[in-house]
Amino acid sequence: MKAIVVTETTGLDSLTLSEFPKPAVRPRGLIVEIKTAALNFPDILQPRGLYQDQPDLPFVLGLEFSGVVRETGSECRRLKVGDRIVGMGQGALGQYSSVREQMCFRLPDSLSYDIGAAIPLAGGTAMYGLKYCGHLMPGETLVVLGAAGGTGNYAVQIGKALGARVIAVCSSEEKMKSATAAGADVVVNYTVEDLNERLKELTDNKGVDVVYDPVGGDLFDICSRRMARGGRILIVGFASGRIPELGVNMPLIKSYAVLGANWSTTAWYEPEISTNVMNDLFRLCEQGHVKPSIDRTFPLEQAKAALTRLENQQAIGKTLIHVS
């Protein structure tokens, strides 16, 4: 099969489109014919050997996909051959991938493969974080960092669907427009505005109820000082490149919580919760409350160019790869 293969961890330049052995089915796994893959920040880290889940070399890149089940393992019970699915698992940038059944979800007929591929990782992270970890309630104030990114865009839309007042934090005028289109009530460009002062002003100095943070770094530092009593900071990732440190006196003073929202491990270990998360997402998509933001679509042959664009922060929304 054709695939984008990582043979050495020296960066994106080492990626090749080449022939790779078709994977074998495992007892609790599926063989999926990949239709569309969606790119994510870990796809930038893995070719450098910097991701926390680093496969042995050589491996096929890609973690998020839509496709069709072609084989099922002997212990699979939920999905069957021919099912249209979306899922998460290593090898999405190959024509076939071997993935665990519990990491895959049946795609409603009303949603296309492209829409489906853009949902599970970024959308699942946002839904799991906001509803199941942060317990976001109607009328609360939600701050979304990296609001024009893949998962940030979902967080804005889901936050609005859950009834929150959403403050989107972005780094450019173009990204501000994207966050506004996603439904944000207020958009703040932290490169030209003082985020600390703006959050004080926008909350009447009462603080923020929930922060959705896939960025880390300086933005986390600011938000950690602007929390309301009983607030929740949701740790999603560190796209800024710096893992922040928090003095635990801060949560103590205002009785707020700092929560890790690790959607991938939840889907792995708690399949009942993950199924509920995805059903919630599909329902919001079908009702029109959530619309995946798709930036651009590339053929498999141009995956390296698509990844470079993502690395340079030029993508606004999800970048998709048509695999087959």
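Q: What makes Ser178 count as buried or exposed in this model?
A: Bear in mind that this is a predicted model. Ser178 comes out at 14% relative accessibility, and the cut-off for buried is under 20%, so Ser178 counts as buried.

Q: Where does Ser178 sit, and which residues is it in contact with once neighbours within four places in sequence are left aside?
A: Ser178 belongs to helix H5. Its contacts, with those neighbours left out, are Ala148, Asn153 and Ile316.

Q: How do the axes of H4 and H5 lie, and how close do they come?
A: Helix H4 covers residues 150–161 and helix H5 covers residues 173–182; their axes come within 9 Å and cross at roughly 35°. The crossing of H4 past H5 is right-handed. On the H4 side the contact uses Asn153, Val156 and Gln157, and on the H5 side Ser178, Ala179 and Ala182. Sorted by type, that gives three nonpolar, three polar and no charged residues.

Q: Why are H3 and H10 called roughly perpendicular?
A: The axes of helix H3 (residues 120–133) and helix H10 (residues 271–287) cross at roughly 105° and come within 9 Å. Angles of 65 to 115 degrees count as roughly perpendicular, therefore H3 and H10 get that label.

Q: Which residues meet where H3 and H10 touch?
A: From H3 there are Pro120, Gly123, Gly124, Met127, Tyr128, Lys131 and Tyr132, and they meet Ile273, Asn276, Val277, Met278, Asp280, Leu281 and Leu284 from H10. The residues of this contact split into nine nonpolar, three polar and two charged.

Q: How many aromatic pairs are there, and why is the pair of Tyr128 and Trp263 called tilted?
A: The count comes to one aromatic pair. The ring centres of Tyr128 and Trp263 are 6.0 Å apart, and rings pair if their centres lie within 6.5 Å. Their planes sit at 40°; stacked needs under 30 degrees and edge-to-face needs over 60, so the pair is tilted.

Q: What parts of the chain does that pair link, and are Tyr128 and Trp263 buried or exposed?
A: Tyr128 is in helix H3 and Trp263 in helix H9 (residues 263–269), so to speak distant parts of the chain, 135 residues apart. Both Tyr128 and Trp263 are buried.

Q: How do you know whether Thr319 is buried or exposed?
A: Thr319, in strand E16 (residues 318–322), has 2% relative accessibility. Buried means under 20%, so Thr319 counts as buried. Not counting residues up to four places away in sequence, Thr319 touches Ala37, Ala38, Leu39, Asp295, Arg296, Phe298 and Ala306.

Terms used. Residues numbered from 1 in each chain as written. Predicted model: local features only at pLDDT ≥ 70, side-chain atom pairs only at ≥ 80, totals over all residues. Heavy atoms only, no water. Axes fitted to C-alpha atoms, helices over the stretch in contact; angles between N-to-C directions. Helix = DSSP H or I, 4+ residues; strand = E, 2+ residues; numbered from the N terminus. Left-handed = near helix turned anticlockwise from the far one by under 90°. Contact = heavy atoms within 4.5 Å. Nonpolar A, V, L, I, M, F, W, Y, C, P; charged D, E, K, R; others polar. Buried < 20%, exposed > 50% of the residue type's maximum accessible area, 1.4 Å probe, protein only. Parallel < 35°, antiparallel > 145°, perpendicular 65-115°, else oblique.
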